[in-house]
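Here is a friendly walk through one protein model, written to be read with the structure open beside it. Please keep the viewer handy as you go.

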Amino acid sequence: MNKKKIVLAYSGGLDTSITIPWLKENYDAEIIAVCIDLGIDEDWQAIEAKALKSGASKFYNPHVKEEFASEFIFPAVQGNLKYQGTYLLGTALARPLIAKYLVDIAHLEGAEAICHGCTGKGNDQVRFEMGIAAFDATMTIIAPWRIWDIKSREQAIDYAHSKGVPVTSTKEKIYSEDENLMHISHEGGDIESPANEVSYSQILHNVNSPQEAPDQAEYVTIDFKEGRATAVNGQEMSPAEIIECLNKIGGTHAIGILDWIEDRIIGMKSRGIYETPGVTLLMEAHQRLESLTLTKETIKIKQDLSSQWAELVYNGQWYSMANNAIRAFVDKTQETVTGQVKLKLYKGNMTPAGLTSPYALFDEDVSGFGEDDLFDHHDAEGFINVTTLPTKIQKKKGLI
């Protein structure tokens, strides 16, 4: 009789490294490790060897950075998605894509369960399980952090040592980090307390601190077609290549550092430090282009929906009717968001250095102080009388 199979969302980090021996101890099943490459530079052969040595029977390693960039990051840029107006959702955008591949491989292998290493306090347990449910509502989920007796990362390190599983985390450097093409997040250790000032130069991997950034400013131009970046500094690239290129440029100039207190899905606040250089540049450039090419009313509606869309994504609802409906609206707004944006980068700052579009709604004749054919200064008198009428009535009634 064939053994049952469990598909494990595997990263090679502390949590998933100890999950393999724990599953072997508690389930009579084959463990199939699935490590999704979302665009990071890793020794995948070493990660595979570690998974198999830890007890996995098979290892899958889909390389999906172009899909991640094109189908998740670029739509988020088009939507100007910032959770609570701040966080660019680098982790939240990755989870639904990972969930899709976990289910695909579970079906391919005939697995009866999918296991993830998310803690019971975190957001990712919600995102993974909502994503899995969108593709297979009957799939069994195993979440060891909600089951086992391990209560802290320190205990997890002890368990790893007891099982002979090599981990890079130590009790002195106990940060939890998530990296993909879009960002790196850092949590845990001395980062947890908002009272602590941390040394960015000791934590950041891909972004210089402002003090370490060059003393010379650099210009970057980004071309867009219908809200999607197509070229950097005149060179056409694929979506993933654009983000990789901008990550290097932005990281050099300390662009994209966020040290922030966020409200988690399950109701607690937590502190995280994020590095998102390339997409921070993309978002800034895209919003500037929209200011030139979208009407006032469109921008207002889009701002309201962007806030709601960001919260949906943060809460794991990428695969939902609401997400699809908002995305359809945003797609319509992007039809005229075509043009070129030039930014000047200097020690964490991005300042405008030029903005052009064939769909620009700015008219120099109308917006200037000179005479033009569309606007007569005398017309403003009637407009002001109508606009100020409610105020005059309130004054007459003694209400103000």
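Is Lys 302 buried or exposed? Lys 302 counts as buried, at 2% relative accessibility. Here buried means under 20% relative accessible area, exposed means over 50%, and partly exposed lies in between (1.4 Å probe, protein chains only).

## About the model

This is a predicted model, in which local features need pLDDT of at least 70 and side-chain atom pairs count only at pLDDT 80 or more, while totals for chains, interfaces and linings use all residues. Residues are numbered from 1 along each chain as its sequence is written, and side-chain values use heavy atoms, with hydrogens and water left out.

## Salt bridges

Let us stay with Lys 302 for a moment. Its salt-bridge partner is Glu 290, and the closest N and O atoms are 3.0 Å apart. Lys 302 lies in helix H10 (residues 296-314) and Glu 290 in helix H9 (residues 277-293), so the pair ties together parts that are 12 residues apart in sequence. Glu 290 also counts as buried, at 5% relative accessibility. A salt bridge is a side-chain nitrogen of Lys or Arg within 4 Å of a carboxyl oxygen of Asp or Glu, and by this rule the count comes to 19 salt bridges. Helices (H or I, at least four residues) and strands (E, at least two) are DSSP runs, numbered from the N terminus.

Another salt bridge joins the side chains of Asp 124 and Arg 127, at 2.9 Å from N to O. Both residues sit in helix H5 (residues 124-135), three residues apart, or about one turn of the helix. Asp 124 is buried, with a relative accessible area of 15%, and Arg 127 is buried as well, at 4%. For a pair with other surroundings, look at Lys 332 and Glu 335, whose side chains meet in a salt bridge at 3.3 Å, N to O. Lys 332 counts as exposed at 54% relative accessibility, and Glu 335 as partly exposed at 40%. Shared partners also link salt bridges into one network, made up of Arg 95, Asp 124, Arg 127 and Asp 178.

## Thr 19 and its neighbours

Thr 19 is found in helix H1 (residues 14-26) and counts as buried, at 1% relative accessibility. A polar atom of the Thr 19 side chain lies 2.7 Å from the backbone oxygen of Asp 15. Leaving aside residues up to four places away in sequence, Thr 19 touches Leu 8, Cys 115, Pro 144 and Trp 148, where contact means heavy atoms within 4.5 Å.

## Where H8 meets H9

Two packed helices are described by the angle between their axes and the distance between the axes. The axes of helix H8 (residues 239-252) and H9 come within 6 Å and cross at roughly 100 degrees. These axes are lines fitted to C-alpha atoms, for helices over the stretch in contact, with angles running from 0 to 180 degrees between N-to-C directions. H8 and H9 are therefore roughly perpendicular to each other, a label used for 65 to 115 degrees.

On the H8 side, the residues that meet H9 are Ile 242, Ile 243, Leu 246, Asn 247, Gly 250 and Gly 251. Their counterparts in H9 are Pro 277, Gly 278, Val 279, Leu 281 and Leu 282. The contact residues divide into seven nonpolar, four polar and no charged. In this grouping Ala, Val, Leu, Ile, Met, Phe, Trp, Tyr, Cys and Pro count as nonpolar, Asp, Glu, Lys and Arg as charged, and the others, Gly among them, as polar.

Key:
Polar contact = N/O pair within 3.5 Å; in protein donor to acceptor, adjacent residues only side chain to side chain. Parallel < 35°, antiparallel > 145°, perpendicular 65-115°, else oblique.
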